[in-house]
Protein chains: 2
Amino acid sequence: MNAVRDVCVIGLGLIGGSVLRAADAAGRTVWGATKSTSDAASAVGDGYDVTTDVAAALRRAAAADAVVVLAVPLPAVPAVLHDVAEHAPHCLLTDVTSVKVPVRDAVRDVTPDATYVGGHPMAGRSVSGWPAAEAGLFEDAAWVVAVEPGTDLGAWREVAMLALDVGARVVPLGPGEHDESVARISHLPHLLAAVLASVGDTGGPVASALMAGSFADGTRVAGSPPGLVRAMTEGNRAALLPVLDEALGALGAARGSLASTGGLAATIEAGHDATRRIARRRATEGTTVSVTLSAPQAREALLGVGARGGRITAFDGDVAVAVVP
Amino acid sequence: MNAVRDVCVIGLGLIGGSVLRAADAAGRTVWGATKSTSDAASAVGDGYDVTTDVAAALRRAAAADAVVVLAVPLPAVPAVLHDVAEHAPHCLLTDVTSVKVPVRDAVRDVTPDATYVGGHPMAGRSVSGWPAAEAGLFEDAAWVVAVEPGTDLGAWREVAMLALDVGARVVPLGPGEHDESVARISHLPHLLAAVLASVGDTGGPVASALMAGSFADGTRVAGSPPGLVRAMTEGNRAALLPVLDEALGALGAARGSLASTGGLAATIEAGHDATRRIARRRATEGTTVSVTLSAPQAREALLGVGARGGRITAFDGDVAVAVVP
């Protein structure tokens, strides 16, 4: 186990580029590859060891036993996995993709000999590409590192260490639990923002002239690159459908109540109470919990930390130190 | 016509309190009344001429021929209108309520001898009460001043001057057009925020731990005081129902498309295109247009300015100077 394992990032948009910058700033040896010639040129111009030759970057990762970070949009993942299977088939592999079950399944299919631990930093922006990348993007962000029944906890610790090195806090979750949660707190917000933007735009120049804070906030992420939003929402179809149904049900109930009784108390008070519960959970200082990775039931203990909304903030040898609300 | 007419504000929450502070800062003689003893005590403590005796404040307004600004939540409007009818029946009356047709109808019913011109500054906050009020709240905000077939344009100019004095830009609109527009750009955002907050909260501690920018932005206004949100949304029932149906239709179409083809391109690209159109409209420098209030068809000309998304920025005598995109 090498605590300062080298880092090879494939895909250098906002997230991948920020991983490359932040891992470099943390003292790791880093290199990367992107099919975007403009992003590659910008990254080289900024002094980074970046190529458009994905195969070469992966061969170097295999030789150095580096951790390979897949940072391409979901639709591009299978193609890059084929490259991994060909050029670095036994590497330690992680990703920063917005869904975890589909990537896990693709890895099993395409490059079964890699040691894979899925990851997802919760640090979006409405800007994209290498020029938007910054070393501080992950500071205090939640970074999910997936735990499954077969997870090698030595490899898991390596991936978690990378997340901690770039300033994030590690949330251990099962892939399915991750996908359901991000449907609620990321993919649904993007769809509601798109719908709100369209309904506002239908109001024409008058509506546009009156827009203030509530509309600007509610539509901010509708300005995100549509390709990236499609990739993450369509890629999470199975988990997103029931969450969409919850939202449709709640909005339909509001409509029905407004039409029949004229009242919206249930909808508005439920939303207000929800924000207070959420704020309380997030403000809780929490207690410190330790999980020894070599102990029996360590995977279950890690998942217990995640299930309670906890975050790992450090490692002391093979002991994960977590804060749990 | 008195360009520096005194200002009497009834209701001293965020909006009413800010009108009092801003009109005072603009050099007007101001006084106010609120039934809230704590807001009244705070306002007096801050050096303002404020009472809990609404009748006394209105009698003074009648004597001084002041403009009376109704700044109470919609459910309290009829009771205050009865006070107006009793103590200042012939006053120049405006309001800052979030809907215009229901207030216009209530004024016609309760205090038909007042000269009424409806108003609505687009400057909400998720905080409320006198302590949240500030003189700068309306700086560059859109302030709708309603134009109807019977509107007295001298009175209209007085109300518009007050809005300009406190830093706002005046948008002339019919009451029905106002109510439809705010359903799109204010009331729907509040309902979507409430629904999103509830769906996120249902995800429990895990979802709360993962929340980032898109969720925080999409739910910000769900923290607003529920009573105020109910007042504005329930009070705009007739205009809000068809807008809610538009949103339900768009979200249902997204659901159907995701379930059947797996695609969300139509929803996401429409939302993205909408944000670009809205941003273009709002960024347009615009051309200057003048409306002479004493000319024939002046009301129609003012409504034409509003319909094109224009704003009045100044008066030169009885000529309104507008900027139209």
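**Reading the contacts**

Reply: Let us begin with the interface. In this predicted model, chain A and chain B bury about 7700 Å² between them, and 70% of that area lies on carbon and sulfur atoms. On the side of chain A, the residues that lose the most area to chain B are Ile185(A), Leu210(A) and Leu251(A), together 9% of what that side buries.

Me: How many residues does the contact take from chain A and from chain B?

Reply: The contact takes 89 residues from chain A and 89 residues from chain B.

Me: How many salt bridges are counted between chain A and chain B?

Reply: There are 10 salt bridges between chain A and chain B. One pair to inspect is Asp245(B) with Arg255(A), whose side chains meet in a salt bridge at 2.6 Å, N to O. Over all chains, the structure holds 36 salt bridges.

Me: Which parts of the chain does the salt bridge of Asp165(A) with Arg28(A) link?

Reply: In that pair, the closest N and O atoms of Asp165(A) and Arg28(A) are 2.9 Å apart.

Me: What describes two packed helices?

Reply: Two packed helices are described by the angle between their axes and by the distance between the axes. In chain B, helix H7 (residues 175-202) and helix H11 (residues 237-260) pack at an angle of about 60°, and their axes are 9 Å apart. H7(B) and H11(B) are therefore oblique to each other. The crossing of H7(B) with H11(B) is right-handed.

Me: Which residues of H7(B) meet H11(B)?

Reply: From H7(B) come Asp179(B), Glu180(B), Ala183(B), Arg184(B), His187(B), Leu188(B) and Leu191(B). They meet Ala239(B), Leu240(B), Val243(B), Leu244(B), Glu246(B) and Ala247(B) in H11(B). By class, this contact has eight nonpolar, one polar and four charged residues.

Me: At what angle do the axes of H5(B) and H7(B) cross?

Reply: The axes of helix H5 (residues 101-110) of chain B and H7(B) cross at roughly 145° and come within 8 Å. Val101(B), Pro102(B) and Arg104(B) of H5(B) make the contact with Pro175(B), Gly176(B) and Asp179(B) of H7(B). That contact has three nonpolar, one polar and two charged residues.

Me: How do H4(A) and H5(A) pack?

Reply: Helix H4 (residues 77-87) and helix H5 (residues 101-110) of chain A pack at about 40°, with axes 10 Å apart. H4(A) passes H5(A) in a right-handed crossing. Here Pro78(A), Leu81(A), His82(A) and Ala85(A) of H4(A) meet Ala106(A), Val107(A) and Val110(A) of H5(A). The contact has six nonpolar, one polar and no charged residues.

Key:
Residues are numbered from 1 along each chain as its sequence is written. Chains are lettered from A and ligands numbered from 1 in the order in which they are written. This is a predicted model: local features need pLDDT of at least 70, side-chain atom pairs count only at pLDDT 80 or more; totals for chains, interfaces and linings use all residues. Side-chain values use heavy atoms; hydrogens and water are left out. Axes are lines fitted to C-alpha atoms, for helices over the stretch in contact, and angles run from 0 to 180 degrees between N-to-C directions. Helices (H or I, at least four residues) and strands (E, at least two) are DSSP runs, numbered from the N terminus. Angles under 35 degrees count as roughly parallel, over 145 as roughly antiparallel, 65 to 115 as roughly perpendicular and the rest as oblique. A crossing is left-handed if the near helix is turned anticlockwise from the far one by less than a right angle, and right-handed if clockwise. Contact means heavy atoms within 4.5 Å. Ala, Val, Leu, Ile, Met, Phe, Trp, Tyr, Cys and Pro count as nonpolar, Asp, Glu, Lys and Arg as charged, and the others, Gly among them, as polar. Buried area is the accessible area (1.4 Å probe) that two parts lose on being put together, summed over both. A salt bridge is a side-chain nitrogen of Lys or Arg within 4 Å of a carboxyl oxygen of Asp or Glu.
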